[in-house]
Amino acid sequence: MSNITKNIHSDFETAKISFDDFREIILSDYRLAVESRFVSLLGRKEVLTGKAKFGIFGDGKEIAQIALSKVFQDGDWRSGYYRDQTFAFASGISNVYHFFSQLYANPDLKADISSGGRQMNCHFSTQLLDTGGNWLNQTQQKNSASDISTTGGQMSRVMGLGLASKLYRDSRSLDYLSYFSEKGNEVVFCTIGNASTSEGVFWETVNAAAVKQIPVVISIWDDGYGISVPNEIQTAKADISEALRGFQRNGDSNGVEIFKVRGWDYPALCEVYEQAARLAREQHIPSVVHVTEITQPQGHSTSGSHERYKSKNRLAWEGDFDCNRKMRSWMLESGIAQEEELLAIEQESKDFVREEQRRAWADYHKTIQKDLDEAIALLQAMHDEAVELPLRTLQSLAEPSLKEVYSNIRRAIRDLRRVKSPAKESLLNWFAEKQQVNYDRYNDKLFTDTAESPLKIEAIAALYTNESHLVDGREVLNACFDANFRRDERIVAFGEDVGKIGDVNQGFAGLQDKFGELRVFDTGIRESAIIGKGIGLALRGLRPIAEIQYLDYLIYAMPVLSDDLASLSYRTKGTQKAPVIIRTRGHRLEGVWHSGSPMTVLLGGLRGLHICVPRNMTQASGMYNTLLRADEPALVVECLNGYRLKEKMPMNVGDFTVPIGIAELIRPGRDITVVSYGATLRVVQEAAIELEKMGISLEIIDAQCLQPFDRTHICGASLEKTNRLMVVDEDMPGGASAFILQEIIEKQKGYFSLDGQPRTLSAKAHRPPYGSDGDYFTKPSADDVIELAYEVMHEYNDTEYPKLY
């Protein structure tokens, strides 16, 4: 189409079905719309009466979502947001019982099938893994990536989900992965609110989809506002399809098809979605469907009222153009239904929703009641006045919660601290058992922890012979990637400058020529889309290596990394996984913008990813070999100034593995345990040579991974010998060094081995200025390490080690 299609309105083609069949379809759709609306109304009441914490609903969008569901087929994907409840009901992704179970935060995955009580209502997900963490057949179900609340965050993964269909269609070597795709015929359906189109991630994704021509249909639900902010403030021309006009396909050019249709016009919506889905499925042409004149009858959420910011005229218009009301009028005017029929449907729908809500509440209450009854029985058996108050409190609860049950039990245990009795032992044993139950309810599955976990991959040493020759470190990496691409056809790599020139440091040099542009390719400068592409590809069974050119630039993709990828396993309770490897480089280059080491940010924001910090390219290669055989996401930060340092080429460069989370003793010593990683490790090694001449022996440990950190506790063991500890890195003060200290001093109980104050040496609290001098005065140098180590020894023996300054 050369122009935006406006105000489409068409009647159903009834020649292929009887009027009675046609009528039944319409009435069934109306019943679903009414049910979904009553779910929203009743859900809000449940929140306002205190039975649920917070509510967000999809009222006002029922008819458009029913039309969308008609073209959603087995094998297709949804990447949506928290207004899609009608679509979820219509497609079978969820139902009324599961919806209310999620609203009440039922921790049972059988009740809240999307998240096991870990996400607020209207955040949908489908199970992609069996109980063993193995992939289910995605072609035999309708698939939904787990929703996130981040505004517009659902856009990023669309690129990978759609690109997977393209790869499965164009690459015959992937035909054996038939449980992920039916030769690329799958469509990705993405939904987003009109206000969220102001986000950069929306424009990144639309641009990338237009360039790559991926099979995606993006629906924009336009209710005229972003909470209280109207379109006039949100969007150029107050109309997102007008603002997108430059993306419209013309002739054979790439771009997107843009449709515009009213959210209450049922026949037109059905026609538009049929056209958009056909373009995507058959020709891999992306579309944007701008659904206008949407209403939001209850406002944004249960935390506010839209009467505060909408005029009386607007509220009156929304009443008149409510999609359910408009569909009802259309059915009556066209003779599809009679008033009595519709009244009966409406009453039956309300009764059904109420029954399912009560069932969901009863099942949630059973979960609490079991623990409550057990707790009361155990306290009653104590016959001790110390438990009278918590016992009476539990017995008087009208609407109990697990929080109240266990808070009172813990109080009782504290009050019984001087009591010894069999009844108390029974209470303590019960509480210990419930600790694991509650861990499984609320804390497990930060990682999927399947049989293919990287922590379970067997360690295989690098092999060298007399014929092993010294090469640049980048050549070791290149050989590692080459071997893995030959071993596993699922592996793809992409990023800025990755394809043609093989990345800025040539780790992928020549691999595009060997393996083709489908497997090694360039992207534009769009970090969020690069990570999202990795997530989508990984969800569909491929093994992506997503490259972010420099560590500093990872910050541009943090919402996608933190809110989506890092939390994916946890928020789906292990029913989804996306084993993306993010490859980047950092540390030690001179200059403000390419020398950052924001490990603090990564450690804080990326729990749920393995964070690997190899000291050289051989160690990096071994980590890639491990991660590419495993099924959990990871970030690998290569040393930027190490690509041209000489290393021996392993004979088994594609097969040796470096275990994840295992620190390594680099240099035995007697006086001080020094823990470091990455580029600063070489600085510490340089300093150790001079310190040895001064009579100070450093025991150097390479952390290798920050998450997980030192699983075998060699740091604590070293500290038992030296009794002194230094941590050296180039993050900001109090960053990764503080994290490492907590791991060693607290978790490994290193505190009890200390003879003096543990010390940290990190970069200054600003980014490094440009030039070698700036680097010297900003980041830890060998001089800094030497003098701090000497100071530690001076505090121990000021006679043997007199003060330097």
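Analyst: **The open sheet**

Three bridges join β17 to strand β19 (residues 698-702), and the two run antiparallel. Strands here are DSSP runs (E, at least two residues), helices are runs of H or I of at least four, and both are numbered from the N terminus. Two strands pair if DSSP finds at least two bridges between them. Within this pairing, Arg667 stands opposite Ile700 in β19.

The model is predicted: local features need pLDDT of at least 70, side-chain atom pairs count only at pLDDT 80 or more, and totals for chains, interfaces and linings use all residues. Residues are numbered from 1 along each chain as its sequence is written, and side-chain values use heavy atoms, leaving out hydrogens and water.

Now the whole sheet. Five strands form it, in the order β17-β19-β18-β21-β22. The sheet is open and its pairing is mixed. Its edge strands are β17 (664-667) and β22 (759-761), each pairing on one side only. From one strand to the next, the twist averages 25°. Axes are lines fitted to C-alpha atoms, for helices over the stretch in contact, and angles run from 0 to 180 degrees between N-to-C directions.

Next, the helices. Helix α24 (residues 714-722) packs on the sheet. It touches β17, β18 (672-676), β19 and β21 (725-728); contact means heavy atoms within 4.5 Å. The direction of α24 makes about 175° with that of β19. Helix α27 (residues 782-796) packs on the sheet too, touching β18, β19, β21 and β22. The direction of α27 makes about 170° with that of β22.
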